[in-house]
Amino acid sequence: ESVKADGTMTTHTIPADEIGNEKPIQVKSERWFSPELHVVVYAKHSDPRTGDTTYRRANLKRGEPPAELFRVPADYRQRGDLRRP
């Protein structure tokens with residue numbers, strides 16, 4: 001996606017016989033964070049007990065969002081006093 005990001009990868013090993021497992025279990029996590037966008041752009045968690053989970057931000061569009069996203073709807077009405085203590 002042409003975004004600069006900082007990545008980290010961690011591996012945690014659950015030793016054999018710790019939770020009833022015959023062999024060691026390796027749990028891996030990978031995370032890529034964009035300081036420019038202040039969001040995680042990719043993450044993957046691999047655990048043989050639960051499988052793989054992957055998160056990826058796609059179709060990133062830089063620039064100002066359309067102004068209509070921030071317009072108050074025409075039928076909006078305010079009720080009551082919002083300044084109550």
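What follows is a short chat about a predicted model of a protein.

Q: Hi! What kind of structure am I looking at, and how many helices and strands does the protein have?
A: Hello! This is a predicted model, with 0 helices and 4 strands.

Q: And what pattern does the protein follow along the sequence?
A: Reading along the sequence gives β-β-β-β.

Q: What is the radius of gyration of the protein, and what would a compact globule of 85 residues have?
A: The protein has 23 Å, whereas a compact globule of 85 residues would be near 12 Å. As for its extent, the C-alpha trace spans about 65 × 40 × 20 Å along the principal axes.

Q: Which percentage of the residues count as buried?
A: That is 13% of the 85 residues. The protein exposes about 7800 Å², and carbon and sulfur atoms supply 51% of that area.

Q: What about contacts with a separation of 6 or more: what share comes from residues 24 or more positions apart?
A: Those residues account for 27% of such contacts.

Q: Switching to charges. How many positive and negative side chains are there?
A: There are 15 positive and 13 negative side chains, and the centres of the two sets lie 8 Å apart.

Q: Now backbone angles. Which value does phi of Asp17 have?
A: Phi of Asp17 is near 70°, which is a positive value in a residue other than glycine.

Q: Where is Asp17 found, and is Asp17 buried or exposed?
A: Asp17 sits in the loop between β1 (6-14) and β2 (25-34). Its relative accessible area is 62%, so Asp17 counts as exposed, the cut-off being over 50%.

Q: And His38, what is phi there?
A: Phi of His38 is near 60°, again a positive value in a residue other than glycine. His38 belongs to the loop between β2 and β3 (39-47), and His38 is exposed, with a relative accessible area of 62%.

Q: Let's move to Ser46. Where is Ser46 found?
A: Ser46 is part of strand β3.

Q: Is Ser46 buried or exposed, and why?
A: Ser46 counts as buried because its relative accessibility is 17%, and buried means under 20%.

Q: Which residue does the side chain of Ser46 make a polar contact with?
A: The partner is Asp52: the two side chains make a polar contact at 3.0 Å.

Q: Which residues is Ser46 in contact with, leaving aside its neighbours within four places in sequence?
A: Ser46 is in contact with Gln26, Val27 and Lys28, and also with Gly51 and Asp52.

How values were computed. Residues are numbered from 1 along each chain as its sequence is written. This is a predicted model: local features need pLDDT of at least 70, side-chain atom pairs count only at pLDDT 80 or more; totals for chains, interfaces and linings use all residues. Side-chain values use heavy atoms; hydrogens and water are left out. Helices (H or I, at least four residues) and strands (E, at least two) are DSSP runs, numbered from the N terminus. The radius of gyration is taken over C-alpha atoms; the globule rule is 2.2 Å times the number of residues to the power 0.38. Buried means under 20% relative accessible area, exposed over 50%, partly exposed in between (1.4 Å probe, protein chains only). Contact means heavy atoms within 4.5 Å. Accessible areas come from the Shrake-Rupley method with a 1.4 Å probe; for residues, only the protein chains shown count as cover. Lys and Arg count as positive and Asp and Glu as negative; His and the chain ends are not counted. The place of a charge is taken as NZ of Lys, CZ of Arg, CG of Asp or CD of Glu. A polar contact is a pair of N or O atoms within 3.5 Å; within protein, one must be able to donate a hydrogen and the other to accept it, and residues adjacent in sequence count only if both atoms are side-chain atoms.
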